[in-house]
Amino acid sequence: MDWVFNVPIKFYEYTVDEMKLRLNELTSEENIVLITSKRLIQANDLEPIIDKFGKNFTLFDESLTSLDTHLISNYFKQIREKPNMIIAIGGGTTIDFAKAISSLYEYTDNGEITIGEVVDIITSKKYLENTNPIPIIASSTTAGTGSDCTKWATVWDYDNTKKYSIDADYLYPTESWLIPELTITLPKKLTLSTALDALSHACEAYWSVSTNKIVQTLSRDAISMIVEYLPLVLEDMTNEEYRRKVYMGAFFAGLAFSNTRTTACHSISYPLTLLFGIPHGLAVSLTLGEVLKRNKEYIEDYDLFLDAWKATTADDITSWIDDVSKDIQVLKLSEFDVKREDIENIIDLTFTGGRMDNNPIIFNEKEIKEILETVY
Ligand SMILES: [Zn+2]
């Protein structure tokens, strides 16, 4: 079988001090937009560098828990002049926001763009004709998103209960800075949900119809690092070495799924996030065990997959996920204010093209219902 593995990004592993040096160098460049959070600036004493960015825009991601069409339209108003580069240091939403600016700027009137125009340009894929996207430097401050490794961004449309993807070859960051130290201050629940997201990326990449040997090797490394070190991080949140292991595991998972995309767990998760606000990482891992049980006979090198988990059966994996999360968030739909009668409505919205059909077997509505009822 022919396959390629392609990630055209320069990766650099930095300490916080090395990141500061790079940021300092970049302050001499013209018109760079930095997107980050006040929390991050304060926690790492970045104020003197931020001051040097001077007139260049700095947006704060306090409200960026999910990237939706309103937020894109509102935030664009702050960017009048076209930036030469965007530096995004934050979680997946922050990096996705940089990708939205990069792909949509050409279609704004000096930064003005309506919500309707945002929806139209994304759904019609007009952004693919953009020949002047803005280069991005990305640095993930959570160990899980994978957005620093991929060429797509997720955009939520709460007005129309839809989830969109902006997806273009030009959206690979030109550089990604890996800075595990930045995750030291990540709260417990976010540490859990982002790591579970990364585990889902690794598993789904492993069993995706478009998997390959490099993807599977990266996935196994990601799984074994996260499975070993996530419980240790949750016991000892400021341990730099444990944090680094989970961060690098999430990075390998990001590389793996950047070449395959995700499958049924992500597809089923979208309405859970859209309708009930379940955080992404928890929404995807809710069904991981049930999807695995149905996929397992179709997974190539399933024995090696189990080895990476230090598991002998699919049930061991489900138990591990339940155990690691139970003191922080019980992973059952009923814990998130979902009513049993909501399940019918969820099923209709779980079939996302390019995700559900990327699963090694195609689930019908009855199977999705069984999965959702089992995790209720
Ligand atoms: Zn994900």
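**Entry 1: domains.** I began by noting that this is a predicted model. I then looked up how the chain is divided, and the domain assignment gives domain 1 as 10-180 and domain 2 as 187-374. Taken over C-alpha atoms, the centres of the two domains are 26 Å apart. I checked who takes part in the contact between them: domain 1 brings 13 residues and domain 2 brings 20 residues. On the domain 1 side that touches domain 2, I found five nonpolar, six polar and two charged residues.

**Entry 2: strand β4.** Next I picked β4, residues 85-90, and asked myself: how many of its six residues are buried? Six of the six are, so β4 is largely enclosed by the rest of the structure. I went through the two faces in turn. Met85, Ile87 and Ile89 are buried on one side, and Ile86, Ala88 and Gly90 are buried on the other.

**Entry 3: the partners of β4.** I looked for the strands that pair with β4. Strand β2 (residues 32-36) runs parallel to β4 and is joined to it by four bridges. Within that pairing, Leu34 has Ile87 of β4 as its bridge partner. Strand β5 (residues 136-140) is also parallel to β4, with five bridges between them. There I noted Ile86 standing opposite Ile136 of β5.

**Entry 4: back to β2.** I found five of its five residues buried, so to speak a strand that is mostly covered. Ile32, Leu34 and Thr36 make up one buried side of β2, while Val33 and Ile35 are buried on the other.

**Entry 5: helix α4.** I moved on to α4, residues 69-76, and listed Thr69, Leu71, Ile72 and Phe76 as buried. Where do they sit around the axis? They span an arc of only 165°, which puts them on the same side of α4. I then followed what these buried residues of α4 pack against, and noted α5 (92-104), α6 (115-123) and β6 (152-157).

**Entry 6: nonpolar cores.** A general reminder to myself: in soluble globular proteins, nonpolar side chains tend to be buried together. The largest nonpolar core here has 59 residues. Which of its members touch the most others? I got Ala195, Ala202, Ala222, Ile226, Val246 and Ala256. I took Val246 for a closer look and left aside its neighbours within four places in sequence. Val246 is then in contact with Ala143, Ala195, Met225, Ile226, Tyr229, Leu230 and Val233. Another core, of 42 residues, lies apart from the largest one, and Leu34, Phe76, Ala98 and Ala100 are among its members.

**Entry 7: two positive phi values.** Last, I looked at backbone angles. Asp301 is not a glycine, yet has a positive phi of about 55°. I placed Asp301 in the loop between α12 (288-295) and α13 (302-308). Is Asp301 buried or partly exposed? I counted 13 C-beta neighbours inside 10 Å, and therefore Asp301 goes down as partly exposed.

Lys310 also has a positive phi of about 55° without being a glycine. Lys310 belongs to the loop between α13 and α14 (314-325). With 13 C-beta neighbours inside 10 Å, Lys310 counts as partly exposed.

Technical notes:
Residues are numbered from 1 along each chain as its sequence is written. This is a predicted model: local features need pLDDT of at least 70, side-chain atom pairs count only at pLDDT 80 or more; totals for chains, interfaces and linings use all residues. Domain bounds come from an automatic or database domain assignment. Two residues are in contact if their C-beta atoms, placed from the backbone, lie within 7 Å. Ala, Val, Leu, Ile, Met, Phe, Trp, Tyr, Cys and Pro count as nonpolar, Asp, Glu, Lys and Arg as charged, and the others, Gly among them, as polar. A residue is buried if 20 or more other C-beta atoms lie within 10 Å of its own, exposed if 12 or fewer, and partly exposed in between; C-beta atoms are placed from the backbone. A nonpolar core is a set of buried Ala, Val, Leu, Ile, Met, Phe, Trp, Tyr and Cys residues joined through C-beta atoms within 7 Å. Two strands pair if DSSP finds at least two bridges between them. The arc is that of the directions from the helix axis to the C-beta atoms.
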